[in-house]
Amino acid sequence: MTYHDVTIMGGGPAGLAAALSLEAQGLSVAVLERAPHGPWAEPAFDGREIALTHHSVAVLKALGAWEHIPQVAISALREARIETGRSNHPLTFDTHGRGVDALGYLVSNHNIRRSLYLAASRRPGISLLAGTSTRHIRRIGEDMTIVHERGEITSRLAVGADGRFSQIRRLQRIGAVVHDFRRSMLVCRMAHDVPHHHVATQWFDDGQTIALLPVNGGASSIVLTLPSEQIERLRTLDRDAFNAEIMERVGGRLGGMRLVSTRHAYPLKAVYAHRFVAPGFALVGDAAVGMHPITAHGFNLGLKGQESLAQEVGAGLARGESPGSLSVLRRFERRHRLATMPLFAATNGIATLYTRDEPAFRILRQTGLRVADAIAPFKSMVTGLLMDRHRAA
């Protein structure tokens with residue numbers, strides 16, 4: 001049996017970020033990750049591009065992770081467009097008058113994971129245990145005992161950070177609201193002839209949703225949402241036929257297009273845990289709130305969640321409270337619920353409105369985009385949410 005102040009189960013971005021934040025509070029932290037050391041330390045490209053807000057960039061800099069992301073892998077997002085149908089007025093957002101040249105920054109998920117791993121591996125108070133699965137979690141007195149395949153760890157606080165289909169959440173008998181959109185998304189990178197000018201487009205077309213996310217090197221990340229059986233057909237389609245079909249689906253707007261990466265498919269399910277905490281235990285990242293990607297805020301909310309947890313733990317330590325104190329964890333839960341619940345509900349509503357193809361829904365979203373684009377205060381408010389600069393330092 002070993003002892004650490006905190007044990008985090010799940011070594012993805014949220015778990016590693018939480019480890020760094022909690023270690024900065026003077027705590028010793030163990031991170032348990034099921035994946036072997038190699039894939040954990042050097043994760044492969046998984047198709048996902050993360051739209052980072054200014055605040056998220058500030059957090060990654062504070063954690064010592066940003067410096068490990070190559071500059072060539074960071075793509076500025078200068079404008080965002082929302083379109084519906086084939087010939088309709090778009091809703092646009094940009095940074096004009098805000099003193100910066102980017103709404104945010106696109107970085108591949110595997111680069112973020114690698115940077116956080118590198119930062120955590122260099123911190124003396126963090127122990128990284130690869131290839132380690134959690135079997136049981138028991139609360140004994142004021143401590144949490146985490147039983148894994150190699151032994152046991154005793155901690156004052158245990159944290160579940162193992163994704164939206166969290167096994168750790170189930171071990172703690174915490175339920176979750178699961179919204180199954182009955183769709184899957186295919187993600188990949190494609191080079192194209194027409195420049196993207198660092199403009200991201202979210203396009204709700206009849207029968208499909210497409211996001212075109214600008215990355216460096218004359219390419220875009222393609223995020224295509226369709227029924228799962230259609231996504232699986234596209235994932236395994238011959239490369240030339242795939243290129244031709246994608247060009248047709250995007251209406252030829254980027255000219256000739258060529259697949260330049262592997263293809264990946266993910267089911268679209270949103271998750272919201274019934275509780276974020278229990279005595280000596282907390283959930284962070286997608287294990288707490290797994291967002292639909294339509295608003296691109298899932299990762300940013302995950303970073304904010306672990307930041308809130310570390311701040312509340314730090315404030316509790318200053319008052320002489322244990323990191324696993326229920327009063328400390330309740331303050332984190334209230335704070336994170338306030339930050340996530342309205343956006344979770346709004347995101348699910350938007351996803352439903354903009355993916356239904358009945359005539360009434362088409363008319364409503366076309367009218368909505370025109371009205372929204374004409375209301376300057378609304379656009380300014382949404383732009384501020386997209387950028388999230390007011391809390392970045």
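Ile8 has Val31 as its bridge partner in strand β3. That contact belongs to a parallel pairing: β2 (residues 6-9) and β3 (residues 29-32) are joined over four bridges. Strands here are DSSP runs of E with at least two residues, numbered from the N terminus, and two strands pair if DSSP finds at least two bridges between them.

A word on the source: this is a predicted model, in which local features need pLDDT of at least 70 and side-chain atom pairs count only at pLDDT 80 or more, while totals for chains, interfaces and linings use all residues. Residues are numbered from 1 along each chain as its sequence is written, and side-chain values use heavy atoms, with hydrogens and water left out.

Now step back to the sheets. β2 and β3 sit in an open sheet of six strands with mixed pairing, ordered β9-β3-β2-β13-β21-β20. Its edges are β9 (126-129) and β20 (277-278); each has a single partner strand, so one side of each lacks a neighbour in the sheet. Another open sheet, also of mixed pairing, has four strands in the order β1-β12-β11-β10. There, β1 (2-3) and β10 (134-140) are the edge strands, each pairing on one side only. Within this sheet, Thr145 has Thr154 of β12 as its bridge partner.

| Strands | Sense | Bridges |
|---|---|---|
| β2 (residues 6-9), β3 (residues 29-32) | parallel | four bridges |
| β11 (residues 143-148), β12 (residues 151-155) | antiparallel | five bridges |

Finally, visit Gly207, in the loop between β15 (199-205) and β16 (208-215). Gly207 counts as partly exposed because its relative accessibility is 41%, where partly exposed lies between buried (under 20% relative accessible area) and exposed (over 50%), using a 1.4 Å probe and protein chains only. Gly85 is 122 residues from Gly207 in sequence, and their C-alpha atoms are 9.9 Å apart in space.
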